[in-house]
Amino acid sequence: MIIERIYIGAPSGDSQQEVPAVQVIAGAGIVGDRYFGRHDEPGQNITFVEAEAIESFQDLHARPRDLSVTRRNVVTRGVRLNELVGKEFIAGGLRFRGVELCEPCLGLGQALSSAALAPPAVVKAFVHRAGLRADALSSGELRQGAQLECEASGQARA
């Protein structure tokens, strides 16, 4: 289970920027991200999404591969994020708690819609597959390529 990509969303709402590493602050999230320090919603510190969910959608709808399309911060590979709701886990040596599923919204539906695929159909395709909202429990650097471990086993799962 690895962190494949990391993105920071600009506060102005511009497109996300892929970065090799970010600074995470416990209770506040990713330094420089549009949600840094905000507490409007549960699990707003950081969001994770499975690369496999994005790629499945893109393959099914003949879209080019782009792992930034969901606007989540961290793209993982080899982990079922839904299983981490309510659990603590470690990513790149930093501790997080899965708060809730990051369900798709109309904004995601509109961003990924096309003449052949209406926004509600996009939202339906990503229900329970659009990622995980999490709280940062420790501070430090999070890097692409880092391992993700589940707290219960203490071991990385493949």
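Which residues form one aromatic cluster with Phe89? The legends below take up this point among others, and the model they describe is predicted.

**View 1. Phe48, Phe89 and Phe96 form one aromatic cluster.** The question above is answered here: Phe48 and Phe96 are in the cluster with Phe89. The ring centres of phenylalanine 89 and phenylalanine 96 are 5.7 Å apart and their planes meet at 25 degrees, so this pair is stacked; planes under 30 degrees apart count as stacked. Phenylalanine 89 and phenylalanine 96 are buried.

**View 2. Phenylalanine 57 and phenylalanine 126 form a tilted aromatic pair.** A search of the whole structure finds 4 aromatic pairs. In the pair of phenylalanine 57 and phenylalanine 126, the distance is 4.9 Å centre to centre, with 45 degrees between the planes. Phenylalanine 57 belongs to helix H1 (residues 51-60) and phenylalanine 126 to helix H3 (residues 119-126), so the pair ties together parts that are 69 residues apart in sequence. Both phenylalanine 57 and phenylalanine 126 are buried.

**View 3. Threonine 70 is buried in the loop between H1 and strand E6 (74-77).** The relative accessibility of threonine 70 is 3%, so this residue counts as buried; the cut-off for buried is under 20%. What does threonine 70 contact, leaving aside its neighbours within four places in sequence? Threonine 70 is in contact with Val49, Ile54, Leu108 and Phe126.

**View 4. An open sheet is formed by 3 strands.** The strands lie in the order E4-E3-E10, and their pairing is antiparallel. Which strands are at the edges? Strand E4 (29-30) and strand E10 (140-143) are the edge strands, and each pairs on one side only. Between strand E3 (residues 21-25) and E10, the antiparallel pairing runs over 4 bridges.

**View 5. Ile25, Val31 and Phe36 make a nonpolar surface patch.** The area of the patch is about 210 Å². Valine 31 is located in the loop between E4 and strand E5 (46-50). Is valine 31 buried, partly exposed or exposed? With a relative accessible area of 39%, valine 31 is partly exposed.

Methods. Residues are numbered from 1 along each chain as its sequence is written. This is a predicted model: local features need pLDDT of at least 70, side-chain atom pairs count only at pLDDT 80 or more; totals for chains, interfaces and linings use all residues. Side-chain values use heavy atoms; hydrogens and water are left out. Two strands pair if DSSP finds at least two bridges between them. Helices (H or I, at least four residues) and strands (E, at least two) are DSSP runs, numbered from the N terminus. Rings of Phe, Tyr and Trp (its six-membered ring) pair if their centres lie within 6.5 Å; planes under 30 degrees apart count as stacked, over 60 as edge-to-face and the rest as tilted. Buried means under 20% relative accessible area, exposed over 50%, partly exposed in between (1.4 Å probe, protein chains only). Patches are made of residues with over 30% relative accessible area and no salt bridge: like charges are joined within 9 Å, nonpolar side chains (Val, Leu, Ile, Met, Phe, Trp, Tyr) within 5 Å. Accessible areas come from the Shrake-Rupley method with a 1.4 Å probe; for residues, only the protein chains shown count as cover. A salt bridge is a side-chain nitrogen of Lys or Arg within 4 Å of a carboxyl oxygen of Asp or Glu. Contact means heavy atoms within 4.5 Å.
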